[in-house]
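Please open the model in a viewer with both the sequence panel and the selection tool at hand.

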2 protein chains.
Amino acid sequence: MRTLELNHLKIEAVRKELTQLLKTGDAIAIKQLVADLHPMDAARVTALLRESERLYLFQLLNSDVAADIVERLSDNDQVDVVSALQPEVASDIIGQMDSDDAADVLSELPQDKTDAILAVMPKNRAVQTRRLIAYAEDTAGGMMATEFVALKETLTVGQALITLREKYSRVGDERAAYVYTCGAKGMLTGVMQLRNLVLRPPQEKLKNLKIDNVIYLDVNMSKHEVARIFRRHRYLALPVVDNARRLVGVITSDDVVDLIQEITTEEMMKLQGVSTDETRSLPVLKMARRRVSWLSINIFLNIIAASVIAFYTDTLKAVIALAVFLPIISDMSGVSGMQAVAVSIRDLALERTTPKEIWSVLGKEVRIGLLNGFILGAEIGIVAYLWKGLPYLGLVAAVSLWLNTIISVCLGGSLPLLLKRYKLDPAIASGPLLTTITDLMGFFIVLSLATYWLSYLK
Amino acid sequence: MRTLELNHLKIEAVRKELTQLLKTGDAIAIKQLVADLHPMDAARVTALLRESERLYLFQLLNSDVAADIVERLSDNDQVDVVSALQPEVASDIIGQMDSDDAADVLSELPQDKTDAILAVMPKNRAVQTRRLIAYAEDTAGGMMATEFVALKETLTVGQALITLREKYSRVGDERAAYVYTCGAKGMLTGVMQLRNLVLRPPQEKLKNLKIDNVIYLDVNMSKHEVARIFRRHRYLALPVVDNARRLVGVITSDDVVDLIQEITTEEMMKLQGVSTDETRSLPVLKMARRRVSWLSINIFLNIIAASVIAFYTDTLKAVIALAVFLPIISDMSGVSGMQAVAVSIRDLALERTTPKEIWSVLGKEVRIGLLNGFILGAEIGIVAYLWKGLPYLGLVAAVSLWLNTIISVCLGGSLPLLLKRYKLDPAIASGPLLTTITDLMGFFIVLSLATYWLSYLK
């Protein structure tokens, strides 16, 4: 029994030992060393090895041990390792993986590598894997595994136990917590707990034990929809059916953990105009290009907003102190508005709100804007007054920030709902639109108030 | 067998029917109607009922049916329903829930309600529930359930099956996929699949069947750490042990789905200065107060940044067109910097990067800044030149935005890592610090360049 996971120093020490052993080629010692590691730690060590060392290691290891390690490598390392192995070795290792993981790895490889590996795989498995690879990556079909226990509902408990022993000894433990029952032509008819097979009398029919009220997923359903259903119903696994309601796969909640993370971080990234899959391991040129397209739209909108200032150069020349307050007021109302945007985007993503609730959102935000705008306006107004000793300068700053905060939070709260309603992506478009409008309104309010009260400001 | 879930219209129709039945008090028809619904749909209907209708409904329903519904209500509705029920009724319902859900509900109730419900609960269950409530909410102890199957490792498979039938018929299906083996004093010694009990000969000892290499969680471990481990190891359930390595609970991955979502959306919200638990169902005053504290820090920093402008009023007066470019340059470099912040915050949250990698992050970002700053600078420079026909105005705008974009992305990429290193919260502090520094630098660069080239700008 070992503790949770090895620390970095230990991992490094194990790596050194393993590198040494790989040099001497002592197969027994190498296998023993790997066997003593948790597969997760073994994967961490493997990730640190040089390419040639890794290849040698995977040729030495039994395919089931190797599969446990490959499953836990990062996507990139998986592709590197598997495409470097001979097709026969790769096929053995992939054959030991869960069907969904196997399909994921193979769909990342270059087509010729995939074909070479599938060609040497046992025919049944190859056909099944090809079918899984064919499903679009972002659908339930692309996520599901084909390891599940399905029994005809006409069987008795006793017959079911025999079938289980004969046919299903290789099904992964997670997926075997549930037993699905099928009727004519493999149609899903119900679900029961594996445990019931142990606890019930052997002559009872599955038909009478099964729960009819089974929730199932459609094979063409989007990943987002799958995530939504798992979040609502707290199941560990759900069956996937095809158009004819035939059971074709199972999705387990460990896959959904990754998915939920992907979906929620996606919103945050898009709000800043960064593509979800941007990581600093991408080439600089690629990262720069992806970011700059969104920035170029922003700068265009920014120029439109700032051009308002050009219409008031006389006022600005007369009261140059206003130039200090223009950026403060546009910045601050932008920030307030983005708070409202963030709440709406999150609530939309988690389906806590719908575009129909726009009036209730506006009702809340207008009151928040009245309150917070008043506080922030008072703060900036006092600073402005103290700086120049001009009460009207304070008044212009205070009233402008107050008004613009109200506009900004109302817009920030409602814009994502409106965009969603018209099928636009709220996370990408809300930020630029919000700041453009609040900048424009901010400049306009400050400068037109100042023009109106110009005689008091000199 | 029913389809996935009812649509809004059907839910509304069912609610009407149920309200009607509740008026007539036809208990049998009411129970039948609820039994025909999936518990999730029943919860959706229940959420729409008036308080008095709900209470009446829960008094009528069998406690197991009621528990299935209460488990699926939102946290607020759970508290409303349970605290309105008589303690005896509430205790029956909670007694049917999983231990972790029961503890969650009870820990949300007012103390006197919790005590009243625990007082009428069977003693064993009450003691166990009190123990679960005592764990801090954000630890493994606060997440875990106590429904698990633990067998002495000295038992044979045959004895294990008998014990299973006698003692564990009530354990939830998910948690029963694994059987944990214990040694002296309840210490966790291994894990095995439930299925193995069915497939192995009855005289074999558990000791020889179990997997020693079991990963376990510590009861005091933080929720974040739990999420991290589940994300790495793809298990459906992990055992939780106390200081003496005694098995005290189990956490299943369906709980982690909620947790991961909480953690990842938290980062996004904090980046905008909104508290994670802000929803528009909170009172306006509370929402406003929570947002305004962060805004007040922002306005203070904003004033500091903008005060740079005050030192250059002569230049600004001489070239009033600069007032148009000040907000554009500070805004645009802020936006570019926030892209880098978002990537770093996400990578830190997902542990793709560590504070040690600051130099490699800077190396990437400086090159992105050089590239994107050049493009954005050129865009703004051309606009400035075309507007006034002054080449040097274009040059000031272009060079300023170029330089400030480089500063901003370097700062945006590295600031979260630095803050994390000094144990500050990067998601809360990065935004305000970044925009203050880039505003300040932006104003300074524009105005000092303009002062330097003043003779060419008139």
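Select Leu238(B) first: this residue stands opposite Ile251(B) in strand 6 of chain B. Strand 6 (residues 247-252) is joined to strand 5 of chain B by five bridges, and the two run antiparallel. Strands are said to pair if DSSP finds at least two bridges between them. Helices (H or I, at least four residues) and strands (E, at least two) are DSSP runs, numbered from the N terminus.

The model is a predicted one, in which local features need pLDDT of at least 70, side-chain atom pairs count only at pLDDT 80 or more, and totals for chains, interfaces and linings use all residues. Residues are numbered from 1 along each chain as its sequence is written, while chains are lettered from A and ligands numbered from 1 in the order in which they are written.

**Strand 5 of chain B**

A residue counts as buried if 20 or more other C-beta atoms lie within 10 Å of its own, as exposed if 12 or fewer do, and as partly exposed in between, with C-beta atoms placed from the backbone. Ala237(B), Pro239(B) and Val241(B) point one way from the strand, whereas Leu238(B) and Val240(B) point the other way. Then follow the chain from strand 5 to strand 6 of chain B: the two form a hairpin with five residues between them, and Arg245(B) in the turn has a positive phi of about 60°.

**The sheet in chain A**

Move to chain A and select strands 4, 5 and 6. These three strands form an open sheet in the order 4-5-6, with mixed pairing. Strand 4 (217-218) and strand 6 (247-252) of chain A each have a single partner strand and stand at the edges, so one side of each is left without a neighbour in the sheet. Strand 4 of chain A runs parallel to strand 5 (residues 237-241) of chain A, with two bridges between them; Leu217(A) has Val240(A) as its bridge partner.

In the loop between strand 5 and strand 6 of chain A, select Arg245(A). Its phi is positive, about 60°, although the residue is not a glycine. Arg245(A) is partly exposed, with 17 other C-beta atoms within 10 Å. Most residues other than glycine have a negative phi, and most peptide bonds are trans.

**A second hairpin in chain A**

Select strand 2 (residues 178-182) and strand 3 of chain A, which run antiparallel and are joined by five bridges. Tyr178(A) has Gln193(A) as its bridge partner in strand 3 of chain A. Strand 3 (residues 188-193) of chain A is mostly covered, five of its six residues being buried. Five residues lie between the strands of this hairpin, and Lys185(A) takes a positive phi near 55°.

**Helix 12**

Which residues of helix 12 (residues 157-167) of chain B are buried? They include Val157(B), Ala160(B) and Leu164(B). Looking down the axis of helix 12 of chain B, the buried residues fall within an arc of 55° (of the directions from the helix axis to the C-beta atoms), so they line one face of the helix. On the other side, Ile162(B), Arg165(B) and Glu166(B) are exposed.

In chain A, select Ala160(A), which lies in helix 12 (residues 157-167) of that chain. Ala160(A) is buried, with 26 other C-beta atoms within 10 Å. Leaving aside residues up to four places away in sequence, Ala160(A) touches Leu151(A), Leu155(A), Leu197(A) and Leu206(A). Contact here requires C-beta atoms, placed from the backbone, to lie within 7 Å.

**Between the chains**

Finally, display both chains: 99 residues of chain A are in contact with 99 residues of chain B. Helix 19 (residues 322-349) of chain A gives the most to the side of chain A that touches chain B, with 16 residues. Of the interface residues of chain A, 100% are also interface residues in chain B, so the copies meet through the same surface.

Terms used:
Contact = placed C-beta atoms within 7 Å.
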